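Q: I would like to learn how to read a few features of a structure. Please show it to me.

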Amino acid sequence: MQSLMMDLPLQLKSVLWRAENLYGHKEIITRRGDQFESCTFRDFGRRVRRLSNALAEIGIRHGDRVGTLAWNTQEHLEAYFAVPCMGAVLHTINSRLSPEQIGYIITHADDTVLLVSPDQVPVLIELRDHLNGVKAVVQLSGEAPEWSLPIPLYSYEDLIADASEEYEYPDLDENTAAGMCYTSGTTGAPKGVVYSHRSTVLHALMLCLHGTIGVDEAERYLLVTPMSHVNSWGMPYACLLQGATVVLPGEHPIGSDYLDIIEQTRATVFVGAVTVGMIMRRELEDNPTAFDISSLHTMWLGGQAPPVSEMRWWKKQFGVSIAQAWGMTEASPVLTFSSLTTANRDRDEEERFQVLARQGLPLPLVEIKLVDDHGNEQPWDGNSPGEIYVRSPWVISEYYDDIRSRDSFAGGWFRTGDIGTITSDGYVEVVDRAKDLIKSGGEWISSVALENALIGHPGIQEASVVAAPDPKWIERPVAFVVQRHHVTTDELRTYLKERFPSFWVPERFEFVSSLPKTSVGKFDKKLLRSQFV
Ligand code: AMP
């Protein structure tokens, strides 16, 4: 028997409708140099429809890909709605990738129009050979410069200036593609992930639940996670759905800018990479009274595990709680969120930190299991590691037009490539990326656990641990550390020996002035391995 419920598709136009009709007075604030510009959701909706009309005018049709190479700004956010609501596909491109990778991605996704920040215009000139399918380029801010390519280059404001504010968005099949994002693997070309209206709406709804970041109308969210990376963790859609104030850091922000933005806009929740949180901490340690960040109460840090020492520091110094989620481009991205069940809420503060240092509980509608090297499912005992397999309506079923898809799936489950354990009460702990786990004399060593301990040492600012080939043990850990003040190898070895089995403790420590970061702001272990080891 079929139900008699309305078969109303899940679509992003419903998010926009709600933002405009319930929260028309709420604001999107963008940093423009040392100024801030604000736009109400009501005016935002009008500009979104003008952009859809302008894109239709320059030839964008249902299913066409519109690429963006852009910072977190209001105009980029307008594209987040204008493109998918008209039935086209928003393809966000990470501008920190190499020109070759960007060229590959534009060609592979078959982008028809590109929306770019001014600093990306020279990149496109360099990539001229990859732009054969591109019909137009739109510069998102400032006047479009003279340029030499045989493709029209428009300035955004000129393009939408005369466009109509009316656009009757079509009813789409909820499985219509809404967005695309490429994940840059450690080997080979980047792989494309295609999100649907359905997956994006469900993921946004999930971000509004308690037990997750719980997006709330009363809060002011500073979204630092790049809008070019997994839809800025889905937060723009969740914020508009719930009528929460959105604060965007604009073009070329640096560490002190984030603190200044918090002071100026009274942001209450910061969302960004663990490494950005560390940069802000350094800034505050150097200038403890330079910024008033009293409005801030929570930082959602992700991309890698936030060390407990960071959680302690932020709580003690500024009363700020750190939350983390675990996820990936292929999962829209969030799969687990660190929250405290009632049984854990009554523990003392230090024990609560230890619980929150785990990656958290699987979200509603996320199914999860652990599988060992022989394909056997592992128990949830907090001790038995396995590769984490997941299923969810917001996890991919295959990569876009890529034969490498088949390696990543098994029996309808997505193989995350992360090794973890799960406690009997459902807390997931990511031990390591499968490829970063160190195998020494037949025993596993977690690079993540060593790094987090090292970052907790008062003399260490940043740490990354990678495997080096070893004639006797096959692999041994090597630690790359940035010092806060002078420490010796012996001191660090003694410190680690108090916390780990002695065979975990690296013989070799490399003291460096900074650690390389990937295009999405994580410590770049691949580069460390190739450059130093
Ligand atoms: P990306 O697709 O670039 O977002 O990278 C996803 C990968 O980042 C995951 O597979 C994990 O290895 C890692 N990751 C993301 N969030 C966390 C977290 N909270 N703790 C540990 N690792 C994480």
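Q: How many nonpolar, polar and charged residues are in the shell around the ligand?

A: This is a predicted model, where local features need pLDDT of at least 70, side-chain atom pairs count only at pLDDT 80 or more, and totals for chains, interfaces and linings use all residues. Residues are numbered from 1 along each chain as its sequence is written, and side-chain values use heavy atoms, with hydrogens and water left out. The shell has 4 nonpolar, 7 polar and 3 charged residues. Ala, Val, Leu, Ile, Met, Phe, Trp, Tyr, Cys and Pro count as nonpolar, Asp, Glu, Lys and Arg as charged, and the others, Gly among them, as polar.

Q: Which residues are closest to the ligand?

A: A residue is near a molecule if one of its heavy atoms lies within 4 Å of it. Of the 14 residues that surround the ligand, the closest are A325, T329, D418, R433 and K522.

Q: Which backbone atom lies 2.7 Å from a nitrogen atom of the ligand?

A: A polar contact is a pair of N or O atoms within 3.5 Å; within protein, one must be able to donate a hydrogen and the other to accept it, and residues adjacent in sequence count only if both atoms are side-chain atoms. Here the atom is a backbone N or O of A325. The protein buries 86% of the 500 Å² that the ligand exposes when taken alone (Shrake-Rupley method, 1.4 Å probe).

Q: Is T68 buried or exposed?

A: Buried means under 20% relative accessible area, exposed over 50%, partly exposed in between (1.4 Å probe, protein chains only). T68 counts as buried because its relative accessibility is 0%. Its side chain joins that of H76 in a polar contact of 2.9 Å.
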